[in-house]
Amino acid sequence: MSFKSIIQDMKGEFGRMRSRSHRVVEDRSVNVVDAMRQSCWANMPSELLRDVLARIEESDSAWPQRKNVVACGGVCRSWREIMKEIVKNLEVSANLTFPISLKQPGPRNTVIQCFIKRNRGSQTYHLYLNLSQAFNDDGKFLLAARRCRRPTYTDYIISLNADDVTKGSNSYIGKLRSNFLGTKFTVYDAQPPNFGAKVSKSHSTRLVGMRQISPRVPAGNYSVAHVSYELNVLGSRGPRRMQCLMDAIPASSIEPEGVAPTQTAFMPGNFESFPSIPFFRSKSTRTDSFRSGPLTALKDKMLVLKNKSPRWHEQLQCWCLNFNGRVTVASVKNFQLVASVENGGDGGGQEQENVVLQFGKVGKDIFTMDYQYPISAFQAFAICLSSFDTKIACE
């Protein structure tokens, strides 16, 4: 029996079980039974089940085939718990599988290749995972952002759902906020990136706390990064200069044995219902959601990223960077970020030459975004969004 037929049989069986449990509720004489737990799939021997799921996870190493791994995680509680143990975090596996992978640092020796599509009319930005080396592939949807212009600042709301990009949504995971000039930005996470993270006081946080709009509205604004662009008030020609201060990542993370904060589960309460991905609920406690590594982030120096200085090409008469074929259109928005020598160490090691994040234009409204350890897809996407914002005093 093929894996597709197994999934179809399970869907049919679960449908019949839901209808039977619905009649029990109407009768009000018997307690509601957990149909998923009583199914034959949930009662499979754990040794056999673990072996089957391990084979599926190993064979489906890339999207779109990897959707089978996600489907297995949504069958029932026992399948979900085993699959969460089998699937390694992004740093180790280099595979974006569950939504929590978007909050985890990328792999150390592999670059995650993504692209961003901009919609000028709706002021939205969609992040996709490249399924091939081609720029025009359909991609795997990862994140969405919407630009909200205010009188004195601009917000970019970031969501897991492309159809519901609002702060009151269950899929809201963070935002990017700019100052009036568009030269300074702060990245906020809806959940704490480490044990010592504190909620930043902002207008939106106070409003949610006062009005108690909904228990599902994430009230947390945890600052995880600050992006600043160098002022160019004199109008001198040259590429943008930017710097990123990663509040939630220690400077030691770029070292061979360094550790960056790694979220392993969404905190209970913020994501109470995902109709399409119910297996992301977690009953783990706050201490189970993170590694022990983030504890050092509070005592260590913060990681600083700076844009790699381009070189002037005499023949082309322009500033150039080596994007390894991932950028094809010249733009002031193009950049590469590397760890600053201010982070310590020998001051000229390989870490400072290693590109942590690169962003560049390949079409009218298509941009590539490639990132790796120690930043996450969420952090990389937010930093790239800052490049789209209008900068009055920079150019």
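Analyst: Let's start with E91, which counts as buried because its relative accessible area is 17%; buried means under 20%, exposed over 50% and partly exposed in between, with a 1.4 Å probe and protein chains only. This is a predicted model, where local features need pLDDT of at least 70, side-chain atom pairs count only at pLDDT 80 or more, and totals for chains, interfaces and linings use all residues. Residues are numbered from 1 along each chain as its sequence is written, and side-chain values use heavy atoms, leaving out hydrogens and water.

User: Which side chain does the side chain of E91 make a polar contact with?

Analyst: A polar contact pairs N or O atoms within 3.5 Å; within protein, one must be able to donate a hydrogen and the other to accept it, and residues adjacent in sequence count only if both atoms are side-chain atoms. Here the partner is the side chain of R108, at 3.0 Å. E91 also lies 4.0 Å from P107, C-alpha to C-alpha, though 16 residues separate them in sequence.

User: How many residues are in the largest nonpolar core?

Analyst: Such a core joins buried Ala, Val, Leu, Ile, Met, Phe, Trp, Tyr and Cys residues through side-chain atoms within 4.5 Å. The largest one has 71 residues, and L357, M369, Y371 and F381 have the most contacts inside it. Apart from it lies another core of six residues, including C148 and V165.

User: What is M369 in contact with?

Analyst: With contact meaning heavy atoms within 4.5 Å, and neighbours within four places in sequence left aside, the partners of M369 include I112, F115, L127, L357 and F381.
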